[in-house]
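Hi,

Here's the structure I promised to send over. Have a look, and my notes follow below.

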Amino acid sequence: MPHVSIFKGGGGDGDGDGGDGEPKQRAMPIPQSCRRALSSATAATTPPRREPRALSRTTSINSGSTLVEDASSAAKKPVKELIKSMVGGNVHSSYNAQRERETWMKKPLFNREGESSFSSGADAALRLQQEAIRKDPYQFDLHESIHDITQSIVPLFEKQPRFAWVMKQLMEPERTIMFRVKWVDDDNNMRINRGYRVQYSSAMGPFRGGLRFSSSMNYGQMRMHGFEKTLKSALAGEPWGGASGGADLDVRGKSPEEMRRFCMAFMQALGPFLQAGGDLLEPGPAVGAKEMDVMLAAYRKHIDPAAKEATLFAPEAFRKQADTGRGAALVAGHAMERISKKSVKGLRCALTGSDARSLALARALIELGAAPVSFTDATGALVQPRGFDASDVDALEALLQARGRLSEFHHVSSAAAFHDASTGPVWAHVKGSAELAFPTQSTNEVNADDAAMLVEGGCRGVFEVADRACSTNAVGVLESHKAVFAPSKLVSAVGADQDLNAHFAALLDAVQVASVGVGCDPSNLKVGASVLAFSRVASSRMYA
């Protein structure tokens, strides 16, 4: 039986030590705001987890009227009414909002000796950030995610302090499964990797989220992806919660047979902890159709011979990858027209990745009249300053399906140049030849230096496709230069069976309404998306 540890989390207050012995996972700059929070962080513990209740379906957004349906009462609320109720009074209007605010403001946010009540919404946000750092000092990706959303929803904490307690619960996943993956390589050597499944939140519905294999994968990244997936599902209007999983496997150089053996071992270890229909797996980086077919076979062999694919995997997951790429192009088109008053037609676009999502994004941009100028893989970047046309994208897809590399594309087009990964990030090779950027592959693909390089080269907008592809400091650089920025929770908020153009047009309406509702400019899509997503999660039955 593989070694497994299961962690359950809930509110995050209490009186324990809150260990800080987790080994350092990777070095990366800590934002100035997080360093300030770290300097004054104090101790807390975790109470028993609150079990989720049965939830009903969440209404999708439509082009006529943007609606949200509370998971318990199925009451539909227009976005303006939802934001007004959260900023201006109690969500359910069942008792005096001012008296409720005074009551909550007197309570200490964390039940520790000497803990005082918070004095303002900004103070509550700072204390939540401090607590996240105190409990998990090396989970930098999670720190940035919590920092960004708590700063965005300060007006909600100010008007309704109880939402600070909702955020305190959202900072902890409902359940974490960490397990050993034991497998054998082609040289008959036993190999050990670490696997994860973070069932983050079932506030909006059953758990659902992607798998990813990467040598840099760690628990902090898994939590961040699960947190972002929860907010993304809320924005998309989907009846699903958030989850994330994967393993710290370096897929480079692995043979097809090694990948098959690893996937079999991965599912054999994870399978006993998956509830049929209660936690659906989706593809992700290095986890495609072949890998998921092997996992299904392993699940049937070791767990349930009669298992159906639809009870283990999200049925439309692979189509949704392409929809995410097309949706990113549509978000860029709508956002540029609304905020910059300019069309994307004729603009050159830097993309990362070369998977199904990136190829679908490239094709959608070409349909809108824009020109993708780059693709990337693990070995480097393929750049064609004049832009790739539809026939180039078709040829590139055929090359990749034949297990070719981007470096081989010069046989198709002499105008394309391949830059080895050792020569720097793709942003250095597209400086001056990209007005829009679409980081699609990994967290922190764009750091502050990259953002400065992009805007100096004439970049007008950055649209995250991968979760938190831009660091907090990078977003600050983009905002200071008035570049359009759309966060991944908005760009990737694709639901099932939707007219994507109408869906994203309505969603951008709702996000801009939310931004204005908390006193920000409608161009601030980061704040609007965070406020709307949190408002929908906080209105669910779990937190009523």
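Which residue caps the N-terminal end of α8? That's Asn 218, with a side-chain oxygen 3.1 Å from the backbone nitrogen of Gly 220. (Helices here are DSSP runs of H or I, at least four residues, numbered from the N terminus.)

Before going on: this is a predicted model, so local features need pLDDT of at least 70 and side-chain atom pairs count only at pLDDT 80 or more, while totals for chains, interfaces and linings use all residues. Residues are numbered from 1 along each chain as its sequence is written, and side-chain values use heavy atoms, leaving out hydrogens and water.

Back to α8. The helix has 18 residues and reaches 26 Å from first C-alpha to last, close to the expected 26 Å (1.5 Å times one less than the number of residues). 18 of its 18 residues are buried, so α8 is largely enclosed by the rest of the structure; buried means under 20% relative accessible area with a 1.4 Å probe, protein chains only. Gly 237 follows the helix, with a positive phi near 75°.

Within α8 sits His 225, buried at 5% relative accessibility. Not counting residues up to four places away in sequence, His 225 touches Arg 212, Ser 244, Thr 443 and Asp 467 (contact is heavy atoms within 4.5 Å).

As for nonpolar cores (buried Ala, Val, Leu, Ile, Met, Phe, Trp, Tyr and Cys joined through side-chain atoms within 4.5 Å), the largest has 93 residues, and Met 167 is among those with the most contacts inside it. Helix α19 gives the largest share of this core, nine residues.

Cheers

How values were computed
Helix = DSSP H or I, 4+ residues; strand = E, 2+ residues; numbered from the N terminus. Buried < 20%, exposed > 50% of the residue type's maximum accessible area, 1.4 Å probe, protein only. Polar contact = N/O pair within 3.5 Å; in protein donor to acceptor, adjacent residues only side chain to side chain.
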